[in-house]
Amino acid sequence: MPSTGEASKRDPAEATLGSEDPAADPALAVRGLTKRYGDTVALDEVDLAIDGGEFVAVVGPSGCGKSTLLRVLTGLEERFEGRAAVDGVDVRDGGSDAVGMVFQEPRLLAWADVRENIAVGLPADVDPDDPAARDRVDGLIEAVGLDGFAESRPGELSGGMAQRVSLARGLAYEPEVLLLDEPFSALDQLTKYEQQDNLLDVWRERGATVALVTHDVEEAAYLADRVVVLGGQPGTVETVVDVEADRPRERTDEALLAARREITDALGV
Amino acid sequence: MATTRETETGDVGSALAGALPDADRFRWLLGLVVPAALVVVWHLLVATGVFAAHQLPQPLRVVETLYGMAATGELWGHIAITLQRVFFGTLLGVSVGIVLGTVTGLYGLAEDLLDPLLQSLKNIPSLAWVPLFLLWFGIGEGAKVLLIAVGAFFPVYLNLSTGIGNVSEDLIEVAEVYDLGRFESLRRVVFPAAVPSLLVGIRGGVGLAWMFVVAAELIAASQGIGFLMSDGRVLARPDIIVGSILLFAFFGNLSDLAVKEVEKRAVDW
């Protein structure tokens, strides 16, 4: 039991693993992050530390600033107060280069086929026409279950397929920190389960640090080591729930159910 | 009731199409019915004396005149020089339009500096340029090509500049998150996204090039379809005037179809 909502309000960072051991430099460190859009405060004094190789889910009601948090971490928001750093480098000083992001919408290039779209995610020093890079892209196409669609354009794909292309693009980037903004929200239940397991495989194989924003409590509990519950408007960290279940996990694991209950309680549902 | 009837018609239509698979292929011929009817009416009006033959020639007379000029070879010289002017004028106008459209689309400073000027210049009617161009460049080919270039320039500039400026922010963020870099994000995201706008601009530019070539040739030319027209007026030969109009109609449509075809192939997503 990491902390109660009360405790985390006093000092949410205390609840996070990274800050307990000052020697360990967290892969992702957010301290006192406040982000305003005009008069609207989207995030208020958010603290978050994610260790290298950790899988953290961020849940919260709509409008609590979940997506804003990811935007800050990817370097898309230049102005904010507080600190946001990846491997100790501020996201505004190139720290965001190590961060890959799968957006909530597919955001694909309409004129490019699936292969080209995924190749956009390849690291800058990789030539997309290189046979090895091609194989890598083909492997990703297979991993997200889109075999045979390599030459298709986004207009020919369903919403769920487009979202998987976007997911494959994020994986192609092979970032140290992978951020995902509700990447499975447009998928049917079965595909969603498949892609969640696929993400877990990739995470295990690559040892990447993952932060996943979702509104799906079940998904958060199943995937994450820790679930950060954001609440209110402006967004603040309500509590952090540790998911104790062993991996590989069964979706029906008692520990997951307990974690789900805890998250749901923290959300005040 | 109306819906039912519509459905029925639809069914009958598809049933017919099933029985006569080629029926749809000849649908475009329907577009010729009204023009053909107008030619017949035209013929009747002149034949019955409603219009005097010295003001409006019979359709066949126009055809005869064009055929006669084609047979003596006189016609080809006029057509060739007009096509040449339109070609080089369009080439020049489109090129400059692409350069300035790109620069103003990409750089806010360039837009602030150039756009207000160009926006007001575009409202100057084509004929207003003629005296100045004659004064500056004489009655040679240069003046005409430049005048046509002015016409072709504006639609290309306006469409491309807004096209580049309006490339979806979502896609630009994708390029940013995946660290494509300035050059690659232009090559892979911004320019392809602006191609449809560019082609719309080129189509408009070609249309205006034909307008401007008439202006140039009516006033200062000794050859060309426009010259043929004004010559027809001087010689009181309505058949030549109407014939020239038909030639403009033919080549104008032809060039529009050509650009449309390019558009269809290039923007196929």
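A word on the ground rules before you click anything. Residues count from 1 along each chain as its sequence is written, and chains are lettered from A, with ligands numbered from 1, in the order in which they are written. This is a predicted model, and local features need pLDDT of at least 70, side-chain atom pairs count only at pLDDT 80 or more, while totals for chains, interfaces and linings use all residues.

**Stop 1: chain A as a whole**

Select chain A and switch to cartoon. You'll find 9 helices and 10 strands; helices (H or I, at least four residues) and strands (E, at least two) are DSSP runs, numbered from the N terminus. Along the principal axes, the C-alpha atoms fill a box of roughly 55 × 45 × 35 Å. The radius of gyration is 18 Å, which agrees with the value near 18 Å for a compact globule of 269 residues. That radius is taken over C-alpha atoms, and the globule rule is 2.2 Å times the number of residues to the power 0.38. Of the 269 residues in chain A, 48% are buried. Buried here is 20 or more other C-beta atoms within 10 Å of a residue's own, exposed is 12 or fewer, and partly exposed is in between, with C-beta atoms placed from the backbone.

**Stop 2: the hairpin**

Next, select residues 28–37 and 40–50 of chain A: strands E1 and E2, antiparallel and joined by 7 bridges. Strands pair if DSSP finds at least two bridges between them. Pick Lys35(A) and look across to its bridge partner in E2(A), Leu43(A). The two strands form a hairpin with 2 residues between them, and Gly38(A) in the turn has a positive phi of about 65°.

**Stop 3: the open sheet**

Which strands make up the open sheet of chain A, and in what order? There are 6, in the order E6-E7-E8-E3-E9-E10, with mixed pairing. At the edges sit E6 (99–102) and E10 (236–242) of chain A, each pairing on one side only. Zoom in on E6(A) and strand E7 (residues 177–181) of chain A: they run parallel, joined by 4 bridges.

**Stop 4: chain B**

Helices or strands? Chain B has 11 helices and 0 strands. Its C-alpha trace spans about 75 × 65 × 35 Å along the principal axes. The radius of gyration is 24 Å, whereas a compact globule of 269 residues would have one near 18 Å. Buried residues make up 31% of the 269 residues in chain B.

**Stop 5: where the chains meet**

Bring chain A back. The contact takes 14 residues from chain B and 16 residues from chain A; residues are in contact if their C-beta atoms, placed from the backbone, lie within 7 Å. On the chain B side, select helix H8 (169–177) and helix H9 (181–219), the elements that give two or more residues. H8(B) supplies the largest share, 6 residues.

Methods
Contact = placed C-beta atoms within 7 Å.
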